[in-house]
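Dear colleague,

Please find below the structure that I am handing over to you. My notes on what was found in it follow directly after.

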Amino acid sequence: MPHVLDPDLRRALAERLRYYHELGIYDFYRREPRAGESSETETPPAEVAGPLSTSQPELRDEMAARKSAVAATVAEENIFDALTPKPEYGIADPKAALKLIREDLGDCTRCKLHQQGRKQIVFGVGNPRAELMFVGEGPGADEDAQGEPFVGRAGQLLNNMIKAMGLRREEVYIANVVKCRPPGNRTPERDECETCSPFLMRQIAVIKPKVVVALGAVAAKNLLAFNAPMAELRGRFYDFLPTGARGSDPSWPGARLVVTYHPAFLLRDPRQKGEAWKDLQMVMKYLGLEPAKKTAE
Ligand code: SF4
């Protein structure tokens, strides 16, 4: 059975590996346990084992500080993949970089969603230089048919939300955690999210938005790499640096991330629209946006 790393240790390990990556160190190996050492103990790569010891005060402080709000976003099995240089690294034009990511995705068969009735991959849409990005869960039937995220009823509501913020849909970027429609609109499973989300992280890393809005619990959980009820996730900003962002552009400090309700949920429970609007107002204040003026009373 695979051993699951403690989330804090996993994040610290990912950060430390990024640091080595920035130094130009790419190759790591895992030391075999010596006689007498338990093979059940998760041993970080030999070079990393020392720095990760929580007996070291600076790392302990680093981890404690990170616990407060900074969210690293690396799934255990994606750590090494995340550190591999990607084709879009060094490409200054985000439109061209997104094209390279799309080409890298190809006619993707990386997870089982490719053989569960998808019509097409729904990559993402919008302004490659958007300051604001919305991330949902996965395509539904309309999105699968049209190849664009958020085009059904939930998409209409999202359009209205964007408009109310004083923006146009073309000015933001919209994507999902998984790019293929889960059958029957079921929630994407963990392995599907973990396989597909590195492409989303790469999209975010080249767009470099100021704010990412996670629409619903699935998007929030996958972007923030932790699980909590919506009531706890909403109402605050998180510092968010997608996996691989340092390789894409070391100068980008990351985005602020806000969690709000998925528009499909708001269609089912319109009473929560006021709460969602509070979340969006937080974003508007941060971005200096004025709400759209009402046309007619
Ligand atoms: S959901 Fe993502 S990883 Fe899975 S097949 Fe589609 S594009 Fe590939």
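A residue is called buried when its relative accessible area is under 20%, exposed when that area is over 50%, and partly exposed in between, using a 1.4 Å probe and protein chains only. By that rule Ala130 is buried, because its relative accessibility is 1%.

Please note that this is a predicted model, in which local features need pLDDT of at least 70 and side-chain atom pairs count only at pLDDT 80 or more, while totals for chains, interfaces and linings use all residues. Residues are numbered from 1 along each chain as its sequence is written, and side-chain values use heavy atoms, with hydrogens and water left out.

Ala130 belongs to the loop between S1 and strand S2 (132-136); helices (H or I, at least four residues) and strands (E, at least two) are DSSP runs, numbered from the N terminus. The C-alpha atom of Ala130 is 8.1 Å from that of Lys210, although 80 residues separate the two along the chain.

The ligand

The ligand sits in the largest cavity. A cavity is a set of points on a 1 Å grid over the protein atoms alone where a 1.4 Å probe fits but cannot get out, and a molecule sits in one if more than half of its atoms lie within 2 Å of its grid points. Around the ligand are Leu105, Cys108, Arg110, Cys111, Leu113, His114, Arg118, Lys179, Cys180, Thr195 and Cys196, where a residue qualifies if one of its heavy atoms lies within 4 Å of the molecule. This shell comprises six nonpolar, two polar and three charged residues. In this classification Ala, Val, Leu, Ile, Met, Phe, Trp, Tyr, Cys and Pro are nonpolar, Asp, Glu, Lys and Arg are charged, and the others, Gly among them, are polar.

Side-chain pairs

The whole structure contains three aromatic pairs. One of them joins Phe237 and Tyr286 in a tilted arrangement, 5.3 Å centre to centre with 50° between the planes. Rings of Phe, Tyr and Trp (its six-membered ring) pair if their centres lie within 6.5 Å, and planes under 30 degrees apart count as stacked, over 60 as edge-to-face and the rest as tilted. Phe237 lies in the loop between helix H10 (230-233) and strand S5 (238-240) and Tyr286 in helix H13 (residues 273-287), so the pair ties together parts that are 49 residues apart in sequence. Phe237 is partly exposed at 21%, and Tyr286 is partly exposed at 40%.

Asp249, in the loop between helix H11 (245-248) and strand S6 (255-260), is buried, with a relative accessible area of 19%. Its side chain makes a polar contact with the side chain of Ser251 at 2.5 Å. Such a contact is a pair of N or O atoms within 3.5 Å; within protein, one must be able to donate a hydrogen and the other to accept it, and residues adjacent in sequence count only if both atoms are side-chain atoms.

Backbone

Most residues other than glycine have a negative phi. Asn185, however, has a positive phi near 55° and is located in the loop between strand S3 (173-176) and helix H8 (190-207). Lys208 also has a positive phi, of about 55°, and lies in the loop between H8 and strand S4 (211-215).

Finally, Pro291 follows H13 and is partly exposed at 43%. Pro291 and Gly166 are 4.9 Å apart, C-alpha to C-alpha, and 125 residues apart in sequence.

Yours sincerely

Terms used: On a 1 Å grid over the protein atoms alone, a cavity is a set of points where a 1.4 Å probe fits but cannot get out, and a pocket is an open set with protein on both sides within 12 Å along at least five of seven lines; lining residues have an atom within 4 Å of a point.
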